[in-house]
Amino acid sequence: MVTLDMAFVERRFPALDPRDFVYFDNAGGSLVLEGVAARVQDYLTTSSVQHGASYAKSRIASGRFFEARESVARLVNAKDPDDIIMGPSTSALLRTLSVMLSGRFAPGDEIIVSQVEHEANIGAWLLHEKSGVNIKVWPVDKGTLELRTQTLAGLLTDRTKLVCVNHVSNILGTINPIREFADVVHAHGAKICVDGVAYAPHRLIDVQAFDADYYVFSFYKAYGPHHAALIARRDDLRDLPGINHFFVSEDEIPYKFQPGNANYELSYGCIGISDYLIELAKHHTSAEDHEREYLAHAFGLIAAHEQILSARLLEYLKSVPGVRIIGDERADAGVRVPTISFVVEDQDSRAIVEHIDRFGIGIRYGDFYARRLIEALGLEKQNGVVRVSMAHYNTEEEVDRLIGHFETVLPRGVS
Ligand SMILES: Cc1ncc(COP(=O)(O)O)c(C=O)c1O
């Protein structure tokens with residue numbers, strides 16, 4: 001198996017030069033690619049003029065924004081660049097989607113939200129309670145901490161209009177079987193809204209294979225800028241009332257859902273993510289391929305490297321008495337991403353993290369805005385979980401350094 005050329009990866013992330021700080025808060029926000037920053041700068045310094053005019057510079061600027069949507073469409077395998085709605089964040093886009101869908105909910109209808117969501121994919125839907133919509137919670141299996149398809153099937157009724165679930169929880173790290181969920185949801189005539197934020201940095205998105213009606217993620221978690229995309233289907237979007245000015249027609253998709261100017265420079269910067277992934281794949285294979293295959297190859301390399309990092313940390317944590325991993329204990333890249341949370345019996349999560357802070361290592365404690373999960377697990381009193389969230393540019397040596405410092409604060413096993 002080809003292993004990741006870490007020197008190649010390192011050169012693409014300016015924040016890793018020098019590597020004097022171990023960054024394990026990647027699920028909070030990843031490091032940014034040089035190529036992304038360069039594109040943002042290039043846009044701002046060479047084509048930052050108003051779009052939609054007939055003069056040449058305006059046409060170039062509009063073209064660059066379209067190029068950005070094309071690039072994102074290819075990255076997530078959307079059918080059409082018009083399926084991509086750009087926005088400032090996943091939270092903001094989910095609020096927008098909630099407003100867009102308002103007319104589809106009647107009193108007595110139901111929206112199901114999973115218990116493991118970041119609040120972004122719950123709060124947006126609670127808005128409909130005041131119109132008589134029932135919000136039902138899809139609970140996590142207390143033993144395995146999995147979201148079970150069977151549980152979902154038991155909650156769905158002919159009044160269910162929408163199911164909201166993440167692809168990966170930002171605490172558990174477990175990859176949910178979105179296609180399986182989507183099939184059950186669609187069989188009941190409902191739609192599925194997927195929060196892909198914690199999935200996007202680690203695995204290749206394929207909205208068509210997932211059959212997701214609405215898929216949202218943020219680029220700043222996936223090596224890009226503070227910017228986000230909502231992917232939906234054009235034929236579905238055409239039916240929805242816009243939220244833009246009255247004279248923006250129903251056919252102007254995605255413009256009717258993007259009031260004001262979208263952030264053009266950040267959108268253009270996002271092309272740098274695919275550029276990098278393709279370059280990464282080409283560096284590791286001599287096979288001539290199509291763009292999609294290169295993207296898949298890059299994420300294959302990323303997943304394999306991440307599995308090595310996860311295995312090392314999980315193996316250590318499993319050996320520590322009193323540690324409870326909050327998520328799947330297996331490192332398998334098919335099962336999880338390298339976002340690893342745990343608690344220690346009778347220890348405050350904050351105290352552990354503040355101890356580690358002293359050594360130039362960035363990990364984190366808390367509920368990570370998945371407050372309902374933390375409360376359901378009864379972990380709020382110990383300040384939530386300790387979360388170590390890794391990315392493919394992290395190394396085994398960095399994991400070992402962290403483990404070395406954990407050994408000074410976590411209970412010791414019998415040796
Ligand atoms: C799983 C998940 N969903 C949604 C969000 C919110 O993303 P944004 O900051 O773009 O609104 C986060 C941010 O931490 C997250 O981890």
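User: Leaving aside its neighbours within four places in sequence, which residues is Ile-273 in contact with?

Analyst: This is a predicted model, and the contacts are read from its computed positions. Apart from residues within four places in sequence, Ile-273 is in contact with Leu-33, Val-36, Leu-75, Phe-219, Ala-222, Tyr-223 and Gly-224.

User: Where does Ile-273 stand in the largest nonpolar core?

Analyst: The general idea is that nonpolar side chains tend to be buried together in soluble globular proteins. Here the largest nonpolar core has 128 residues, and Tyr-215 and Ile-273 touch the most other members. Helix H12, residues 291–319, gives the most to this core, with 10 residues.

User: Which domains does this core draw at least three residues from?

Analyst: Two are named: domain 1 (6–32 + 291–406) and domain 2 (37–273). Each of them supplies at least three residues to the core.

User: Now the backbone. Which peptide bond has an omega of about 5°?

Analyst: Omega is the angle to read for a cis peptide bond. The bond that joins Ile-253 and Pro-254 is cis, with omega about 5°. Pro-254 sits in the loop between helix H9 (234–239) and helix H10 (264–269). The peptide bond from Asp-17 to Pro-18 is also cis, with omega near 0°. Pro-18 belongs to the loop between helix H1 (6–11) and strand S1 (22–23).

User: What is the phi of Leu-145, and where does this residue lie?

Analyst: Leu-145 is not a glycine, yet its phi is positive, near 60°. Its place is the loop between strand S4 (134–138) and helix H6 (149–155). Asp-211, likewise not a glycine, has a positive phi of about 55°. The loop between helix H8 (207–210) and strand S7 (214–218) holds Asp-211.

User: Why does Asp-211 count as partly exposed?

Analyst: The class comes from a count of C-beta atoms within 10 Å: 20 or more means buried, 12 or fewer means exposed, and partly exposed lies in between. Asp-211 has 15 C-beta neighbours inside 10 Å, so it counts as partly exposed. Leu-145 has 18 other C-beta atoms within 10 Å and is therefore partly exposed.

User: How many residues surround the ligand, and which are the closest?

Analyst: To read a ligand's surroundings, list the residues of its shell, then sort them by class. The ligand is surrounded by 13 residues, and the closest are Ser-89, Ser-91, His-118, Asn-170 and Ser-218. By class, the shell has five nonpolar, seven polar and one charged residues.

Terms used. Residues are numbered from 1 along each chain as its sequence is written. This is a predicted model: local features need pLDDT of at least 70, side-chain atom pairs count only at pLDDT 80 or more; totals for chains, interfaces and linings use all residues. Helices (H or I, at least four residues) and strands (E, at least two) are DSSP runs, numbered from the N terminus. A nonpolar core is a set of buried Ala, Val, Leu, Ile, Met, Phe, Trp, Tyr and Cys residues joined through C-beta atoms within 7 Å. Domain bounds come from an automatic or database domain assignment. Two residues are in contact if their C-beta atoms, placed from the backbone, lie within 7 Å. A residue is near a molecule or strand if its C-beta atom, placed from the backbone, lies within 6 Å of it. Ala, Val, Leu, Ile, Met, Phe, Trp, Tyr, Cys and Pro count as nonpolar, Asp, Glu, Lys and Arg as charged, and the others, Gly among them, as polar.
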